[in-house]
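The following exercises are to be worked with the sequence and the structure in view. Each task is followed by a solution in steps.

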Amino acid sequence: MLWFLIAAVVGLLTYFAFSWLGGATARWKAFVAIIIVAVITAVVPAPLVGDYLRPWLSEVGQVEGLRLLLGFLIGLAGGYFFVNVGITISANGILWTALGVFVFALVAPHFDRWARHLSSLKAPGVEVQLATISNTVKAVQPDSREQFLDEQILTSLEDFDQIIERDIAYIEHFQIANLEESAKQKPNSSSLEDGIRLKDRLRKLAQLQTVFNQIVSPLTRCVMNAIRNGYHIESARSDLRPVADQLTRIITLERPESNEGSDDINDERKKFWEKLRDMPDKFAPYADSGARSACSAAKTATIPDPMRQNCAMATCSALRGYQYFNDLPHLFVSRAFLLLFIGNDDLALRELQKARPGWKVDDIYSGYLMGRVSYYQGRPIEQYIETLENMKTVAKDRQEVIRTVTAACGAKCSPNVQRWAPILTARLRRAEYIALNFIAYGIAQDLAQGLKQAEPWRPIAEDYASQLMKYAESAVALEEGDRDSMLDTAAFVTIVSQAESKERNQKAVKDAVNKLATLVARAELRAANETNNKKTRLTLKEMRAHFASGKSLLED
């Protein structure tokens, strides 16, 4: 309020000074001189204005600046009334003054609210630029989703037995060892109970691994080989849909509200495995001779029989049901892979969300799936950032456990610890930065769409973009595709952030555009050498979209 009063007094004195000038011509000259000085001070570089004065002048357009402007204008109006209207110290003058103060008291609170709203509005040019960036990137999104469902889902399902193997190695050689070391330092009953639970999970994972190793992974390899040989992917989806429908039937029966008995569920599980075992006959004719062995392996594998309670085969206990594995994420994630491939995104996402609270094992893959699917469904980042943050945290925590165990055993580490420590660390490090990549990109896309709820996440996107840049430029073992994807995200975040900035850093935009130009050139080379790789072509398309967005920003 003090600065408002000072501005009002300055306005009053300014009008008095104008009125004392020799004539209208002199007054106009003084007025034009003030305008010229104001314009020059607003546009000249900061060093010519002064480090102290420039920040103060930049407040014009903000709430404080608008208060000063209003005070100055009220001072001018007051001077006009005193000089020209001739308000004197009388009952009439006091009445008019009191009325003016009363009106101002009514208007002031609303002015503050209006001023804040006005200062928060983006310039129309910025809105257009953001819309252009958003539309350019969203045009690529359907292709990205298609590639994710067509290739990455099947690849993940094909390698799922290895995913389970790595989790077994982590629990067996690192998590249990870390728990035992902690128990030695602080003996308590809970550590013993945790150790027992971990060993129970190891047994369950071993059972699941057998099923995937003997049936699911070989069948998926058979399907992928047939597709590579020309079998249409939509035909593959059509062939697998009865299996997925049977899985949906099982999921329905396993819900707590279902009144079906265990015998009914077991019958449906047997039908599921019977349908799955028929699949190799559909795909084997399209597979090459070297891949037909995978088809035969899936066809002749022992099918789990949930009715045999004392079955000696490990695979028999693998279908004891939803309840037996409800503390592990693996069965639910593999189910989600199949449902996603045939296009049932909503059920896949819903089942993961429902089952996740019951898992007793830290999980990476469900966060990855839920984050990607949510993004492709057009959900805002606030609806799935938590799952990706959890993915990042789990990856970091596991790396810390591995470091602790290897540091404790030193040169005396077992061969298994020496073998698995670098393998798991590299994969967990990659998973950590993939989570950062997805989060930063999702925030940038929401900002480009003008979603207000994404504004609080902006500093996170900028921080993660900086981390991605450092990691991508320093990591030795990082694949070129992963490195370029992270650098692309960092550049895209810069472009979106600068597009919204009131004081745009053109150098930062230019650096981002130059980086994207390099990434596009590398992607074009990869695309020329990998003509059948859909992911490579899609990556190139996305990078070109980001590059075009950055160039349009520079040309503005």
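Helices (H or I, at least four residues) and strands (E, at least two) are DSSP runs, numbered from the N terminus. The model is predicted, so that local features need pLDDT of at least 70 and side-chain atom pairs count only at pLDDT 80 or more, while totals for chains, interfaces and linings use all residues. Residues are numbered from 1 along each chain as its sequence is written, and side-chain values use heavy atoms, with hydrogens and water left out.

**Exercise 1. Describe the place and the exposure of Ile-423.**

Step 1. Ile-423 lies in helix α18.
Step 2. Its relative accessible area is 34%. Buried means under 20%, exposed over 50%, and partly exposed in between (1.4 Å probe, protein chains only). Ile-423 is therefore partly exposed.

**Exercise 2. State the overall make-up of the protein chain.**

Step 1. The chain has 22 helices and zero strands.
Step 2. Of its 556 residues, 44% count as buried.
Step 3. Contact means heavy atoms within 4.5 Å. Among contacts between residues at least 6 apart in sequence, 75% join residues at least 24 apart.

**Exercise 3. Determine how α18 is placed against helix α19.**

Step 1. Helix α19 covers residues 458–474, and α18 packs against it at an angle of about 140 degrees, with the axes 9 Å apart. Axes are lines fitted to C-alpha atoms, for helices over the stretch in contact, and angles run from 0 to 180 degrees between N-to-C directions.
Step 2. Angles under 35 degrees count as roughly parallel, over 145 as roughly antiparallel, 65 to 115 as roughly perpendicular and the rest as oblique. The pair α18 and α19 is therefore oblique.
Step 3. Residues of α18 in the contact include Tyr-433, Leu-436 and Ile-443, and those of α19 include Ile-460, Tyr-464 and Leu-468.
Step 4. By class, the contact of α18 with α19 holds 11 nonpolar, two polar and three charged residues. Here Ala, Val, Leu, Ile, Met, Phe, Trp, Tyr, Cys and Pro count as nonpolar, Asp, Glu, Lys and Arg as charged, and the others, Gly among them, as polar.

**Exercise 4. Find the directions of α21 and α22 relative to α20.**

Step 1. Helix α20 (residues 480–500) packs with helix α21 (residues 506–529) at about 150 degrees, their axes being 9 Å apart. These two helices are therefore roughly antiparallel.
Step 2. Among the residues that meet are Leu-487 and Ala-491 in α20, and Ala-512 and Leu-516 in α21. The contact of α20 with α21 has eight nonpolar, two polar and five charged residues.
Step 3. With helix α22 (residues 534–555), α20 makes an angle of about 30 degrees, and the axes are 10 Å apart. The helices α20 and α22 are therefore roughly parallel.
Step 4. Phe-492 and Ile-495 are among the residues of α20 that take part, and Met-543 and His-546 among those of α22. The contact of α20 with α22 has five nonpolar, five polar and two charged residues.

**Exercise 5. Which residues touch the most other members of the largest nonpolar core?**

Step 1. A nonpolar core is a set of buried Ala, Val, Leu, Ile, Met, Phe, Trp, Tyr and Cys residues joined through side-chain atoms within 4.5 Å.
Step 2. The largest core has 131 residues, of which Phe-148, Ile-153, Phe-174, Phe-283, Leu-352, Leu-369 and Met-391 touch the most other members.
Step 3. Helix α18 (residues 415–448) gives the largest share of this core, 18 residues.
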